[in-house]
Amino acid sequence: MKRQFMAAWMVLAMAGFCGCDEDEETNSGKPNSVAGRWSGTMVVTKFMGQSVAPGDSEVVPFTMDITQTGEYIEVAFQANEYPGFFSGHYYYDLDRSIDFKATADYTYFFFGTVDWGERSMSGAWSVSIPGGMSGTWQANR
């Protein structure tokens with residue numbers, strides 16, 4: 001019975017009944033790929049050298065559309081109606097770490113790890129404004 005349940009679940013997941021985007025489904029279950037859409041939140045923990053109290057920081061929702069070629073990734077990032085385009089790496093064979101950055105007026109840098117068991121990733125981010133700004137982020141499929 002357990003084997004039949006697992007087989008039925010796999011068929012439904014492969015058929016796209018998991019509530020995921022079709023583009024995402026083509027890469028799900030493959031720990032070497034982070035391509036697809038991710039949704040998450042960012043929180044500021046330091047601003048201009050000063051710690052920000054947890055209750056004083058706004059939680060900012062974002063989406064990431066990631067394309068991947070080998071370890072190289074490109075990230076179309078959208079937060080507060082402002083787009084950003086990042087490039088970086090996903091080191092799936094090494095330690096499942098991810099990093100991506102963009103440089104405009106300032107350098108924006110994200111790094112973290114991917115947890116395929118939870119279909120999530122999380123880490124820290126920073127912006128090179130005078131005095132600095134940094135925080136934490138998390139995203140899920």
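Modeller: Let's start at Ser 97, which sits in strand β6, residues 97-103 (strands are DSSP E runs of at least two residues and helices are H or I runs of at least four, numbered from the N terminus). Before going on: this is a predicted model, with pLDDT of at least 70 needed for local features and 80 or more for side-chain atom pairs, while totals for chains, interfaces and linings use all residues. Numbering runs from 1 along each chain as its sequence is written, and side-chain values use heavy atoms, leaving out hydrogens and water.

Ser 97 counts as buried because its relative accessibility is 16% (buried is under 20%, exposed over 50%, partly exposed in between, with a 1.4 Å probe and protein chains only). Its side chain makes a polar contact of 2.7 Å with the side chain of Asp 95 (N or O atoms within 3.5 Å, one able to donate a hydrogen and the other to accept it; sequence neighbours count only through side-chain atoms on both sides). Leaving aside residues up to four places away in sequence, Ser 97 touches His 89, Tyr 90, Tyr 91, Gly 112 and Thr 113 (heavy atoms within 4.5 Å).

Further along β6 comes Phe 100, which pairs with Phe 86 of β5, so parts 14 residues apart in sequence get tied together. Like Ser 97, Phe 86 and Phe 100 are both buried. They also belong to a cluster linked by ring pairs, together with Phe 62, Phe 77, Phe 110, Trp 125 and Trp 137. Across the whole structure, a search turns up 12 aromatic pairs.

Now zoom out. Among contacts in the chain with a separation of 6 or more, 40% are between residues 24 or more positions apart.

Conventions:
Rings of Phe, Tyr and Trp (its six-membered ring) pair if their centres lie within 6.5 Å; planes under 30 degrees apart count as stacked, over 60 as edge-to-face and the rest as tilted.
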